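Me: I have a model open and would like to learn how to read its fold. Please take me through it feature by feature.

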Amino acid sequence: MSLKYLSEHEAPVHIRGVFLIATPFWTADEDWKLGLTLRTDFPRHLHEHLPIFLYHAEDDEEVQISDLAIYEEQLPQATIRRISTGGHQLGEGISLVATDIKRLN
């Protein structure tokens with residue numbers, strides 16, 4: 001939802017970075033997903049210098065790791081963090097998120 005908002009609206013405040021964990025790449029194959037689907041050209045509408053970080057565990061039982069590959073292709077400027085284990089909530093890998101946030105300060 002963060003990427004959808006940021007690609008369709010002007011951010012009301014300065015955003016220092018976007019940190020997304022186990023983010024599904026929604027497609028409009030079901031009606032309830034229509035409001036979550038990104039525009040096909042969404043990357044063009046994101047702020048050019050906005051740091052984007054995507055984290056995903058390979059053993060995520062909720063969101064397929066293949067969704068991360070779609071984002072990696074669509075957002076080549078993003079920092080991609082593939083974690084081998086940790087499930088949907090990253091487990092111990094969550095410390096990578098904290099480290100990346102601290103580095104932006």
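**Size and fold**

Reply: Start with overall size: for 105 residues a compact globule would have a radius of gyration near 13 Å, and this protein has 14 Å, which agrees. That radius is taken over C-alpha atoms, and the globule rule is 2.2 Å times the number of residues to the power 0.38. This is a predicted model, where local features need pLDDT of at least 70 and side-chain atom pairs count only at pLDDT 80 or more, while totals for chains, interfaces and linings use all residues. Residues are numbered from 1 along each chain as its sequence is written, and side-chain values use heavy atoms, with hydrogens and water left out.

Me: In what order do the elements of the protein run from the N terminus on?

Reply: Helices (H or I, at least four residues) and strands (E, at least two) are DSSP runs, numbered from the N terminus. Here the order is α-β-β-α-β-α, with three helices and three strands.

Me: How do I read the sheet, and is the pairing parallel or antiparallel?

Reply: Strands of a sheet pair through backbone hydrogen bonds, either parallel or antiparallel. Two strands count as paired if DSSP finds at least two bridges between them. In this model three strands make an open sheet, ordered S1-S2-S3, with parallel pairing. S1 and S3 (79-83) are the edge strands, each pairing on one side only. Five bridges join S2 to S3, and alanine 57 stands opposite isoleucine 83 in S3.

Me: Which strands does H2 lie across?

Reply: Axes are lines fitted to C-alpha atoms, for helices over the stretch in contact (heavy atoms within 4.5 Å). Angles run from 0 to 180 degrees between N-to-C directions. H2 lies across S2 and S3, at about 165° to S3. Helix H3 (residues 94-104) lies across S1, S2 and S3, at about 175° to S1.

Me: Which residues have the most contacts inside the largest nonpolar core?

Reply: In soluble globular proteins, nonpolar side chains tend to be buried together. A nonpolar core is a set of buried Ala, Val, Leu, Ile, Met, Phe, Trp, Tyr and Cys residues joined through side-chain atoms within 4.5 Å. Buried means under 20% relative accessible area (1.4 Å probe, protein chains only). The largest core has 15 residues, and those with the most contacts inside it are Leu3, Phe42, Leu46, Ile52, Leu54, Tyr71 and Leu75. Helix H1 (2-8), strand S1 (18-21), strand S2 (52-57) and helix H2 (65-74) each supply at least two of its residues. Apart from this core lies another, of six residues, among them Ala57, Ile83, Leu90 and Val97.

Note on methods:
Buried < 20%, exposed > 50% of the residue type's maximum accessible area, 1.4 Å probe, protein only.
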